[in-house]
Amino acid sequence: MARIPTEEIEQLKNDVSVERLMALAGIALKKSGKDRIGQCPFHDDSEPSLVVTPVKNLWHCFGCQIGGGPLDWVMKFKGVSFRHAVELLKTDPSLAAQGASDTPIKRTTVRALPPPVEFDADDQALLNQSVSYYHETLKQSPEALAYLKARGLDHPELVERFKLGYANRTLGLRLPEKNRLSGADIRMRLQKVGIYRESGHEHFNGSLVVPVLDDAGDVTEVYGRKVRDDLRKGTPLHLYLPGPHRGVWNAPALRENKEIIVCEALIDAMTFWCAGFTNVTAAYGVEGFTDDHLAALKQYGTERVLIAYDRDDAGNRAAEKLAAQLIDAGIECLRVLFPKGMDANSYALKLTPAVHSLGLVLRQAEWIGRGPRSDAQEISMPSPDAPIAPAPAHEPMPSLPAAVPLAAIAIDADAEPSSEAAGDELLIAQEDRQWRVRGWKKNLSPEQMRVNLQVRRDAGDASTSGYHVDTLDLYAARSRAAYIKQAAIELGLPDDAIKRDMGHVLLKLETLQDDAIRQAARPKSKVPVLDAEQEKAALDLLQAPDLIARIVADMERCGVVGEANNCLAGYLAAVSRKLDTPLAILIQSSSAAGKSSLMDAVLAMVPEEERVQYSAMTGQSLFYLGETDMQHKILAIAEEEGVRQAGYALKLLQSDGELTMASTGKDDVTGNLVTKQYKVKGPVMLMMTTTAIDIDEELMNRCMVLSVNESREQTKAIHARQRMKQTLEGLLAANDKEAITALHQNAQRLLKPVLVVNPYADRLTFLDDKTRTRRDHMKYLTLIRAIALLHQHQRPVKTVEHRGRTLAYIEATKGDIALANRIAHDVLGRTLDEWPPQTRRLLTLVHGMVQEMAKKQGAAPREVRFTRRDVRDATQWSDNQLKVHCARLAEMEYLLVHGGGRGHHLQYELLYDGQDDGRHLCGLIDAAELDRAHGYDGRKLGQEAGKLAPSLGQVAHKLGPGWSEQVRAGIGMEDDLHDIAQKTPIHANGAGPVVAGA
């Protein structure tokens, strides 16, 4: 629906007097102070209850409890709609008072406005009269006139010459209601000619109306362009009368000119016309060149056609098709080349004045071909100042400014200068002049062309040689004029020669700029194409029955020592980037413990095009990434402290899957400040490291926390690996690392984001004693999906039909759940632990130290007293570490402080019996019990025989070969994990068993 401008409504409220409207309606008003009072016509009013306030131009009835301004009065008094009331007051306020009766009108069906069409007119006359009404409406519509001005079509003669109009839904307000015989009949006839639709709405509602007239002035076709672009999705912006297109727009121009410009759309054609190029007509869209167009060109002997279609794929195809058709008809064709992606109207708006910019592209039109006729003359474009026949000539165009406009740069189409681009430098040779351009690559916006420009002339004679160099914006007319003038003086050449050269330079730069902008808009990284051998090797890895064990072994071969569970959890989290809700990883350890090495080892297995690594990020940096640049990728941050400012954005990206921000920016067309929306779509897998002991709870809730093994045994294993790297074996292993990482990267490229269904989901169990487990439960379920996704090439793909769509999916298995349980016991168990792993580790070490001291002293552990020095000697930890973690243990009442006053040593007493190690995630059902389980009975699993799953993955190696075999059978790691299980288990900082180096 066409919107009534607010300014127009406010003007009616101020200009039309409520008191005058009531007087015209025959209501007697008496003065009462500053107000007027009278009897209300809307109810039986014995005492005056109607009050009018002339100063505010408002009325109110205390009996009806209604009131308002002049529009509200007309709506109530006449029983009409708001739009109808506006039209009544705009046309004649006296119409709002006609037809007064003794009874209130709820809704009138009698139109007070005069009809714009004759009910007994024939179809052609009816169409003409409708277009004439739209024409008069346009001249009184600020909204439509503003649209013409915004499109550069505010020429004083355009509206009258071509009878432009505006359909604002007021035609129906002047016709009888459709429930009356005359109203139904006239609407049916208007529907027949195409003005109305079957739905009863105006066909061109809210549109600028451009009629196509024949020689007799009758309308043969009507084009409508919506004046607002904020319409609901799917609303067509371009409309025509139903049926085939008829007629030729601006047909008199074909009679008077042998060279005709043919545009793709009428808006473009009117743009040329307003710029003074009146020998123009238009097709009705890319496929809208009709037989009527071709017949008119032949009838009037057109010799040459300049095809000014849009410079896009559709426009280029349509131009080629039209050129072939015209050449067959014996008409010479040239292609008007706008900058890529632009049409005549957008080009004229961007480079003003339009008379110069359009003149430039016309003179540079590319010759396509000529038909069998050979009597054609050289092309001679009409002057923009030419009069428009047969109507009176327009006002002469204003004289050109002193600055050199873009179109004034004359181009010699026959002389193509040689050019050479080397890095950021462009060299162009033109006769005896050499042009050098620097800095052109930084101009990635069509709004500017700021470069360092040097011109040098080597004429062989020192008196005529010279050079000039300056930095300027080639799109700034004043800067160009100054450069041309000074360069002509320095080189001893006329200004026209420098203008011509600069035209070649500018055209070359625009071509290079277009290519650079397109290149910048392309995806930053391309997925490499795998050859048959690489694809087979990657597929063999993904289809290997011991895939999990191979991943652990390969990461160990790449240099990771004793971090089997952490490596596996990180690898699976990286795979989860293919899911709709990926996991997030936070690696926590003290300084120099190897957290960065662990993250680098995991990232090395991920394809380069699917990971983005930063050392730090500012608060708003995430919002300015490309909309889809991060989708299904890994965002790795070297240190959590480096993203404190971007912490809020990271949390939103992880939780909501996308980021949105509104910011101010310049409009590409007007240059005015407007609100622009920036969006970054996920999902994104986050991976960070931190040395902080206390982690932000919000961040921890969203991440799986991996703790690096900081034990002495692990340090020994790392030292051994470092020494091994210096040997020949280490040299060979380093050479293998590149092949191993390439294999895993190719394997991950073969993974597709397929749907995963867990048929055992309703039988799974999880801790529910804390609200934060709501998020941890989703991490557990996502971990299962990631394991299934990794094994997608080992699973059959199933399909299901739902709501007309075929959904393909794979299913998770009990082996996936068993492996997820094992990782969850270790990783999520630590995540849910309220202590940092280092504090938990210290408690374990202190407990062992106290047990030995108790044996030596022959006392009970509760009777042993020890100092921080004793702990330092036993653990070899630094004093700073012990201060922090002992204070935490004392706060949690695991250590009791004795003494510490003046002259007394501070001693500790251990209040911990070693029973609660806090390492395992209880409440997970054993994968072997899934076929029999029907829910979780609230009792802690593991209390009955056959339900040892909560600790099975951690202590199976202690229970004997039988339990180890069950574990291996459950998770599909039969051979390689057997080797791993035989090695000495090391519990690091509360972690599960890890492998102490190879």
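Which side chain meets Lys798 in a salt bridge? I looked it up in this model, which is predicted. The partner is Glu811, at 3.1 Å from N to O. Lys798 lies in strand E28 and Glu811 in strand E29, 13 residues apart. Lys798 is partly exposed, with a relative accessible area of 34%. Glu811 is also partly exposed, at 25%.

**Entry: the sheet around E29**

I followed these strands into their sheet. Three strands form an open sheet in the order E27-E29-E28, with mixed pairing. E27 (755–757) and E28 (798–802) stand at the edges with a single partner strand each, so one side of each has no neighbour in the sheet. The twist averages 50° from one strand to the next. E27 pairs with E29 (residues 805–811) in the parallel sense, over 3 bridges. I also noted that Leu755 stands opposite Tyr809 in E29.

**Entry: other salt bridges**

How many salt bridges does the structure hold? I found 32. One of them joins the side chains of Glu609 and Arg749, at 2.7 Å from N to O. This pair links distant parts of the chain: Glu609 sits in the loop between helix H20 and strand E21, Arg749 in helix H24, and 140 residues separate them. Are these two buried or exposed? Glu609 is buried at 9% relative accessibility. Arg749 is buried at 13%.

Next I looked at Arg865 and Glu909. Their closest N and O atoms are 3.5 Å apart. Arg865 is in the loop between helices H27 and H28, while Glu909 is in strand E31, 44 residues away. Arg865 is partly exposed at 30%, whereas Glu909 is buried at 6%.

I also noted a network of salt bridges that links Glu431, Asp432, Arg433, Arg457 and Asp501.

**Entry: aromatic rings**

I turned to the rings. The count comes to 11 aromatic pairs. Among them, Phe338 and Tyr347 form a tilted pair, 5.8 Å centre to centre with 55° between the planes. Phe338 is buried at 1% relative accessible area, and Tyr347 is buried at 4%.

Trp435 and Tyr483 also form a tilted pair, at 6.3 Å and 35°. Trp435 lies in strand E17 and Tyr483 in helix H15, so the pair ties together parts that are 48 residues apart in sequence. Trp435 is buried at 1%. Tyr483 is buried at 1% too.

Last, I checked a cluster. Ring pairs link Phe162, Trp249 and Trp273. The charged end of Arg161 sits over the ring of Phe162, 5.6 Å from its centre.

Technical notes. Residues numbered from 1 in each chain as written. Predicted model: local features only at pLDDT ≥ 70, side-chain atom pairs only at ≥ 80, totals over all residues. Heavy atoms only, no water. Pairing = 2+ DSSP bridges. Helix = DSSP H or I, 4+ residues; strand = E, 2+ residues; numbered from the N terminus. Axes fitted to C-alpha atoms, helices over the stretch in contact; angles between N-to-C directions. Phe/Tyr/Trp six-rings, centres within 6.5 Å; stacked < 30°, edge-to-face > 60°. Buried < 20%, exposed > 50% of the residue type's maximum accessible area, 1.4 Å probe, protein only. Lys NZ or Arg CZ within 6 Å of the ring centre and 35° of its normal. Salt bridge = Lys/Arg side-chain N within 4 Å of Asp/Glu carboxyl O.
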